[in-house]
2 protein chains.
Amino acid sequence: MSQDLRLPLGARAPRIRRADAMAVSIPLRKPMRMAGVRLTHAENLLVRIEAEDGSVGWGEAASAPTMTGDLQGSMLTAATQVFCPLLGGQNPLDRVGLMTRVDRAMLRNTGAKCAVEEALLDLCGRLLKVPVYELLGGARRDVVRPMHLLGNDSVEDDVDEAKARRADGVDFFKIKVGVKPLSEEVRSTRLLREALGWDVVLCADGNMGLDAQDVLDYCAQVADQKLLFLEQPLRSDDLRGMARLAARVSIPMCADESVGSAADVMALAEAQAVAGVNLKTIKFGGLSAVVHASHLCEQLGLHINLACKVGESSIGCAGLAQLGAVMCNLDWGINLTNHYLADDLVVTPLLPTGGALAIPSGPGLGIEVDEAKIDRYRVR
Amino acid sequence: MSQDLRLPLGARAPRIRRADAMAVSIPLRKPMRMAGVRLTHAENLLVRIEAEDGSVGWGEAASAPTMTGDLQGSMLTAATQVFCPLLGGQNPLDRVGLMTRVDRAMLRNTGAKCAVEEALLDLCGRLLKVPVYELLGGARRDVVRPMHLLGNDSVEDDVDEAKARRADGVDFFKIKVGVKPLSEEVRSTRLLREALGWDVVLCADGNMGLDAQDVLDYCAQVADQKLLFLEQPLRSDDLRGMARLAARVSIPMCADESVGSAADVMALAEAQAVAGVNLKTIKFGGLSAVVHASHLCEQLGLHINLACKVGESSIGCAGLAQLGAVMCNLDWGINLTNHYLADDLVVTPLLPTGGALAIPSGPGLGIEVDEAKIDRYRVR
């Protein structure tokens, strides 16, 4: 930039005084089972960016080695050694330019990049006194109805949990498959549908834990269970396998681990491998890239499931809620994850009422971070 | 929206008190010749949206019957009878929702829709006290170097004008072809290159005035003249013809009249008909749609030329400058048109210095409209 991006009414924007990354480990309420993993703690990266005037922006990213290739330690190292040093002394309103520099400084490391952009957007929103959704193109909705993810060790626990959430007003559930023997997965799906009735939306997530024959068998045996989609049954690199399945089964296919960039979205669409995609900020390296990918999905006719990674606190969830306000094609649901945590990192956790979450409309992410909580869960 | 989009810090947003459309006819400094047309006046639509608190947003769109199918009268009618009545009493911050309603209320009419969205964004920016570029995803540059369009009746006048603009610091010119006999067009291109030297960027625009053989002949005879691109030589519906030419000539092809939507961008890319596209807000029905199309271009590897239509005043040019701040792939230049007008509609016209235009960073479009000027040029 040769000229200077300025605050409203021409005031000079305060520069970034410091940018810090930190690791936190927050216990889950109870262990979460997914294909191949059993999570007990959320091991997340936080980024805190402070401007000269004392304004602070926060960002968060879950570590997800099977999804982004990043462990918490590597995220912390990348943010501390490479990304944060790029920010000091800079104009935070040059958010696009700064993220271009962050993006080019290292290949991949999308989780750490995501936490940096989220913190930068939070800070810009606070400086400009607008919610982040205004900075990402404007809100098309002010309420979202998050989907609930079921991941207990037994189907009986899944049923009990789903019924309790149903009583809270939740009407959209995602079932984890690819963990138990196939006959058990089929039984679980049918039991959940029976327990919840036909008014709720059900979908299933394989987390790369199935093989092609499993998928054909599972889909045949739950074909009458009205699943909205089956997510990522095969390995992330098996594009041809996904395309073959998509042509043979009646349940629409969704990609998650297979899609980490707009180029992936394009390739999946061209291969006719999916009807929709799961977009996560930690995969795309930020919020803006997810918005851009949504414009691509609009043209490609792909549904979108927008999701946090278990278990982001209300910081990451606020970022996702801001995206939830903005995105088109958001008809495959939105997943927040703060309710899986035994504790949260903000003063007032972001929680739905009657199944509906009002998207925060205060400046930035619209949340108030509790630094004492962060101190408690910080990994040193 | 069930909840309410609010001003910063939770204040209730003032509602739209009134929305008005008006036609203006502004004389050009001198007639502008393009394939098939000789313009003497800019016949534009203006939209003015006023909020309860007295804040006002302005938008503009040139009439361009060969490009959008809309005459000034039809734009005025659509805006007055259909679009403006949708806005009264509404929350202007629900800009995405309102434009969805405007867009669905009538097919096409993209010029009038564009003026409405521009006015809405100007108003939102003023209410939120941020420049429009913040509302469209954030600025990646704060200066643009507009291209100059040459459209005199004689090549000698083109050369004189180009030399004068070159002395002002302009280093990027677009030549109109498809008006004179082909040998004259070739002579013009070569004379301009000779007069301006190799440090300036030259491109050519056919405005649908050539046939395929003309293009082959023209490209062969100016192959050594280093044209950045040749724009829209064939008719807008001749996608196959464009693709055949693109495969045979060395000058990259650009689409203008052929591209009026993101779907068109996709179709042109899939047909391998172009290396880039000319994006105009009047074709896409607004600024946001152009930003979304730019994300598509990024994935498709298409260059972008961002352009006003002759002759939008500093109102429309401010909208384009805001887009110029935001857009990716903007490596085929940006065209502003207010300097073709004998008068402008703002207090301080938006004009480059030394070839560079500082993008306004005040609230909204960052301009101050002169309502007395509008009154003078208003068509009643």
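**Core, sheet and chain arrangement**

In the predicted model, Leu279(A) touches Val259(A), Phe284(A), Val290(A), Ala293(A), Ile304(A), Asn305(A), Leu306(A), Ala307(A) and Met327(A), residues up to four places away in sequence not being counted; contact means heavy atoms within 4.5 Å. Leu279(A) is also among the residues with the most contacts inside the largest nonpolar core, together with Val277(A), Val277(B) and Leu279(B). This core has 199 residues; a nonpolar core is a set of buried Ala, Val, Leu, Ile, Met, Phe, Trp, Tyr and Cys residues joined through side-chain atoms within 4.5 Å, with buried meaning under 20% relative accessible area (1.4 Å probe, protein chains only).

In chain A, 8 strands form an open parallel sheet in the order S5-S6-S7-S8-S9-S10-S11-S12. Strands are DSSP runs (E, at least two residues), as helices are (H or I, at least four), numbered from the N terminus, and two strands pair if DSSP finds at least two bridges between them. Strands S5 (148–150) and S12 (334–335) of chain A each have a single partner strand, so one side of each lacks a neighbour in the sheet. Strand S10 (residues 276–279) of chain A pairs with S11 (residues 303–307) of chain A over 4 bridges, and Asn278(A) stands opposite Asn305(A) in S11(A).

Chain B can be laid on chain A with an RMSD of 0.0 Å by a turn of 180° and a shift of 0.0 Å along the axis, by least squares on C-alpha atoms of residues with pLDDT of at least 70 in both. The two copies are therefore related as by a two-fold rotation axis.

Residues are numbered from 1 along each chain as its sequence is written, and chains are lettered from A and ligands numbered from 1 in the order in which they are written. Local features need pLDDT of at least 70 and side-chain atom pairs count only at pLDDT 80 or more, while totals for chains, interfaces and linings use all residues; side-chain values use heavy atoms, with hydrogens and water left out.

Terms used: Buried < 20%, exposed > 50% of the residue type's maximum accessible area, 1.4 Å probe, protein only.
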